[in-house]
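Good morning, and thank you for coming.

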Amino acid sequence: MSTENLSDVTTGTSTTEAGSDSTDNANYADSRDTTEGRVYTVSGGDWDDVIADAQHDERMVINMGPQHPSTHGVLRLVLEMEGETVTQLRSVIGYLHTGIEKNCEYRTWTQGVTFVTRMDYLAPLSTEMAYCLGVEKLLGIEAPRRAQLLRVMLLEINRIGSHLVYIATGGMELGATTAMTLGFREREEVLHLLEHLTGLRMNHAFIRPGGLAQDMPADYVEVVKAFLKTMKERLPLYDKLFTGQPIWRNRLKGVGYLPVDACLALGVTGPVLRSAGLPWDLRKTEPYSCYDEFEFDVPVDNGADCWSRYLIRVHEMHESLKIIEQCLEKLEPGPVMVEDKKIAWPAQLSIGSDGMGNSLEHVKKIMGQSMESLIHHFKLVTEGFKVPPGQVYAPVESPRGELGVHLVSDGGTRPLRVHVREPSFVNLQSMPAMAEGGLVADVIAAIASIDPVMGGVDR
C-alpha cells in the first residue's frame with residue numbers, strides 16, 4: 001500500500017511534496033492538502049508562548065477544562081501557575097461552535113428566529129427580541145402594544161430563570177450544593193410557566209418579526225400571578241441562605257476584582273459593569289418595547305467583585321417581579337401581530353403541534369375555502385417576506401449585558417449578514433484581569449460571576 005499521501009501523525013501536517021513546505025513561513029498557519037481541499041491548522045494565539053515561558057522556572061501550565069465541572073460549560077482555561085497562584089490565564093473557546101450566524105443567511109427572516117434562540121440557551125427570549133427588533137427596524141414597522149408588553153413580561157420571566165441558574169451553578173461550583181437544589185427548583189417554576197405561555201420550556205422561537213407567534217392562553221393572568229406569589233415567598237430564602245452566610249461572603253468578597261475603567265476598556269456590560277458602580281442598563285438608558293413606562297430600579301454596587309455581582313443579580317430578580325406585575329396591569333385586549341398579511345406569520349389562528357400555524361382550522365380554511373389563502377400561505381412559509389435593503393443594529397439588555405444584533409439586508413427574503421454582539425463572548429475577555437494574581441480556587445468564582453453561556457460565546 002502506498003503511504004505517500006498519509007499524514008505525519010506527530011505533527012498532523014501533510015508529508016506529500018505539496019505539503020512539505022507548509023511550515024517554511026512562520027507567518028502562515030500550517031496546512032495540508034486533503035481530498036476536500038487545503039486544511040489549515042491554527043496554533044491558537046499565544047498559548048504556545050505561555051507554555052514556553054513556563055519551562056525555565058518553577059511555574060507550571062495546566063488545563064482547566066474543556067470537560068470540567070466548574071468551567072461553566074465547555075470552556076478551556078490554560079493556567080500558568082506558581083504554586084496556588086495564577087500568573088497567566090488564557091481562555092480557549094470554540095468547543096461548542098454551531099455556525100448559527102452563517103446558517104441564518106440560508107433561511108428566511110422568520111426562520112432565523114429558530115436559530116438565534118439557541119445561542120444564549122438560558123435567556124433565549126433576549127436573543128429573539130434583539131433579532132426581531134432589528135428586522136422590524138429594517139421593515140419600518142412596530143409590533144402592536146399588546147405584543148410589546150407581553151414581550152417585556154416574557155423577557156423578565158426569562159431573566160429570573162437565568163439568574164437562578166447563575167446562583168445554582170455558581171454555588172455548586174463553589175461547594176454549596178444547596179444552591180444547586182434550590183436554584184433549579186425555582187427555575188422549574190420559570191420553565192413550567194414559559195412552557196404554559198409559549199408552548200416550549202426553552203428555545204421558544206415565540207417572538208417573531210412583527211409581534212408574537214400567538215396570544216397568551218386564556219388563563220395566563222392567573223398562572224402568572226401564582227408564579228409571582230411563589231417567587232415572592234421563595235426569593236427571601238436566598239438572602240437567608242447565602243447573603244448572610246459568612247463562608248459564602250468570604251468566598252466571594254474581594255475576588256474577581258474588575259474596576260469600572262477596566263470594564264469600559266474591555267467592553268464589559270451587564271451585572272459585571274454595574275457591580276463596578278456604573279448604572280448602565282439599556283432598559284433605562286436606551287429603552288425599547290415600552291420599558292420607559294415601567295417603574296423599576298437598576299441595582300448598582302461599587303465593590304467590583306464577585307460578591308457585588310451576586311447581590312446585584314439577587315436584587316434584579318426582585319425588580320423583574322415588579323415589572324411583571326406592572327405588565328399584567330397594563331395589558332389590554334388587542335392583536336399580537338402586525339396587520340400586514342405579507343409579514344404576519346403564522347396566520348392568526350390556533351397553532352398546530354409543529355408550531356408553524358398548520359392547525360386543523362387553518363388547513364381547513366386554506367384547503368377548502370380559499371385558493372388565494374393557500375397560495376399566500378405557501379409563498380409566505382417557503383419564500384418568506386422581502387426586507388428593504390439596509391443595515392441596522394438593535395441592542396437589548398440580556399441577563400448578561402448588552403446583546404445586540406447587526407443585520408444587513410440586500411432587499412431579499414433572507415439576511416445578507418447576521419452578526420450578534422453576544423455579552424458572554426465580550427465579558428469573557430475579563431477573565432485574565434480578574435484571575436491573574438489570585439488563587440486557582442478563585443478562578444472558579446470569577447467564571448461564575450461573569451455567568452457566561454458557551455452557546456452564545458461559540459455561536
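This is a predicted model: local features need pLDDT of at least 70, side-chain atom pairs count only at pLDDT 80 or more; totals for chains, interfaces and linings use all residues.

Residues are numbered from 1 along each chain as its sequence is written, and side-chain values use heavy atoms, with hydrogens and water left out.

The protein chain holds 18 helices and 10 strands. Here helices (H or I, at least four residues) and strands (E, at least two) are DSSP runs, numbered from the N terminus. Of the 459 residues in the chain, 51% are buried, where buried means under 20% relative accessible area with a 1.4 Å probe, protein chains only. A contact means heavy atoms within 4.5 Å. Among contacts with a separation of 6 or more, 67% join residues 24 or more positions apart.

Let us turn to the sheet that contains β4. Its 3 strands form an open sheet in the order β3-β4-β5, with antiparallel pairing; two strands pair if DSSP finds at least two bridges between them. At the edges are β3 (60–64) and β5 (85–92), each pairing on one side only. On average, neighbouring strands of this sheet are turned by 25° against each other, direction ignored. β4, residues 76–82, pairs with β5 over 7 bridges in the antiparallel sense, and the bridge partner of L79 in β5 is L89. Helix α17 (residues 440–450) packs on this sheet, touching β3, β4 and β5, and its direction makes about 150° with that of β4. For such angles, axes are lines fitted to C-alpha atoms, for helices over the stretch in contact, and angles run from 0 to 180 degrees between N-to-C directions.

Another open sheet has 3 strands in the order β8-β9-β10, and the pairing is antiparallel. β8 and β10 (417–421) each have a single partner strand, so one side of each is left without a neighbour in the sheet. The twist averages 15° from one strand to the next. β9, residues 401–409, pairs with β10 over 5 bridges in the antiparallel sense, and L407 stands opposite V418 in β10. Helix α4 packs on the sheet, touching β8 and β9, and its direction makes about 150° with that of β8.

Where does Y238 lie? Y238 lies in helix α7, residues 220–243, and is buried, with a relative accessible area of 0%. Leaving aside neighbours within four places in sequence, Y238 is in contact with L164, I167, L182, G183, E186, T243 and Y310. One of these, G183, is 55 residues from Y238 in sequence and 9.0 Å away in space, C-alpha to C-alpha.

Finally, I come to the second largest pocket. A pocket, on a 1 Å grid over the protein atoms alone, is an open set of points where a 1.4 Å probe fits, with protein on both sides within 12 Å along at least five of seven lines; lining residues have an atom within 4 Å of a point. The second largest pocket is lined by 15 residues, of which L133, K137, E142, Y288 and S289 lie nearest its centre. Which element gives the most to this lining? That is α4, with 3 residues. α4 (124–139), α5 (145–173) and β8 (390–398) each supply at least two residues of the lining.

Note on methods: Buried means under 20% relative accessible area, exposed over 50%, partly exposed in between (1.4 Å probe, protein chains only).
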